[in-house]
Amino acid sequence: MPREVNVHLLPRHFEPEALRGGIAVVIDLLRATTTIVTALANGARCVLPCGDIETAKRVAADLPVGSVLLGGERRGVRIEGFDLDNSPAAYSAERVTGKTIVFTTTNGTAALMRSREADRVLVGSLVNRRAVAWAVAADDRPVHLVCAGTDGRVTAEDVAAAGAIVTELEAFLRGDVLIDDTALIAAKFWAAESSTTESLLSVLRHSRGGSNLVELGFDRDIEFAAHVDSYDLVGEFFPRTGEVRAVRSNPVPLPYGRT
Ligand code: MLT
């Protein structure tokens with residue numbers, strides 16, 4: 001049976017219960033999901049996504065002093081009283097190893113929350129594109145790639161990342177996929193815009209999320225997010241505990257000679 005692959009351009013494009021029985025991959029390329037994956041790759045114990053600032057502060061206050069960092073953004077910059085902003089580079093091993101990161105962002109954490117009805121919720125970005133595609137390929141449930149968007153509007157950077165994952169997944173499954181039209185559009189967009197690093201960076205910089213970051217002086221975060229496959233790691237959100245934890249993806253056999 002071909003694998004069903006759907007791309008949702010915005011979280012409000014689906015009802016939460018429509019994801020039941022499926023595997024969701026939440027994408028907020030610039031920057032929430034890139035930052036979560038980076039924090040986990042650099043040794044954070046887990047990330048606790050929170051819907052709002054007050055909840056994040058309360059959750060952090062209940063954890064042992066010294067074990068927790070508050071991270072995230074509003075309007076793209078660090079929240080007053082928080083330890084870290086939403087720059088993936090800020091989540092270095094020196095800073096985050098062994099820590100619990102209580103995390104709230106404008107769009108990314110909301111997209112994760114809305115996807116919680118899925119059987120599994122994975123955290124996707126370009127930095128872990130292949131690892132996510134592996135994890136999804138090894139699972140036989142329908143796939144829902146959820147683009148977080150920016151302030152309720154579709155963003156090109158999330159669509160490009162969704163297209164990258166669809167393309168990798170199609171390759172792993174040797175084309176045995178049933179993709180919806182949005183997945184087809186995303187894959188075509190990725191193919192058209194990612195032929196060189198320069199063209200990928202250009203589309204990311206001109207996207208809705210990217211142009212906000214350029215304006216705020218975070219161009220280096222766009223470059224960071226464009227490093228395809230830097231981490232062999234998948235973040236999985238466990239709604240019951242509220243934690244996002246690192247899970248290694250088990251490579252599926254690659255009979256068609258890819259490495
Ligand atoms: C978000 O979740 O809205 C974004 O990650 C925004 C940002 O990077 O500043």
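Predicted model: local features only at pLDDT ≥ 70, side-chain atom pairs only at ≥ 80, totals over all residues.

Colleague: How much space lies in the largest pocket?

Modeller: About 290 Å³. The lining has 18 residues, and the closest to the pocket centre are E73, G76, N107, T150 and N212.

Colleague: How does that lining split by class?

Modeller: Ten residues are polar, five are charged and three are nonpolar.

Colleague: On to the ligand. Where is the space taken by the ligand?

Modeller: The ligand takes up the largest pocket.

Colleague: Which residues surround the ligand?

Modeller: D28, L30, R31, A32, E73, G76, N86, T105, T106, N107 and G108. By class, that shell has six polar, three charged and two nonpolar residues.

Colleague: What about R31: how far is its side chain from a ligand oxygen?

Modeller: An N or O atom in the R31 side chain is 2.7 Å from an oxygen of the ligand. For N86, a side-chain N or O atom sits 2.9 Å from a ligand oxygen. N107 has a polar side-chain atom 2.6 Å from an oxygen atom of the ligand.

Colleague: And how much of the ligand's exposed area does the protein bury?

Modeller: 93% of it. On its own, the ligand exposes 270 Å².

Colleague: Back to N107. What is its place in the pocket?

Modeller: N107 is one of the lining residues closest to the centre of the largest pocket. N107 also belongs to the set around the ligand.

Note on methods
Residues numbered from 1 in each chain as written. Heavy atoms only, no water. 1 Å grid on protein atoms, 1.4 Å probe; cavity = no way out; pocket = protein on both sides within 12 Å on 5 of 7 lines; lining within 4 Å. Points joined across faces, edges and corners; volume = space filled by probe spheres on them. Nonpolar A, V, L, I, M, F, W, Y, C, P; charged D, E, K, R; others polar. Near = heavy atom within 4 Å. Polar contact = N/O pair within 3.5 Å; in protein donor to acceptor, adjacent residues only side chain to side chain. Areas by Shrake-Rupley, 256 points an atom, 1.4 Å probe, with all protein chains shown as cover. Sits in = over half its atoms within 2 Å of the grid points.
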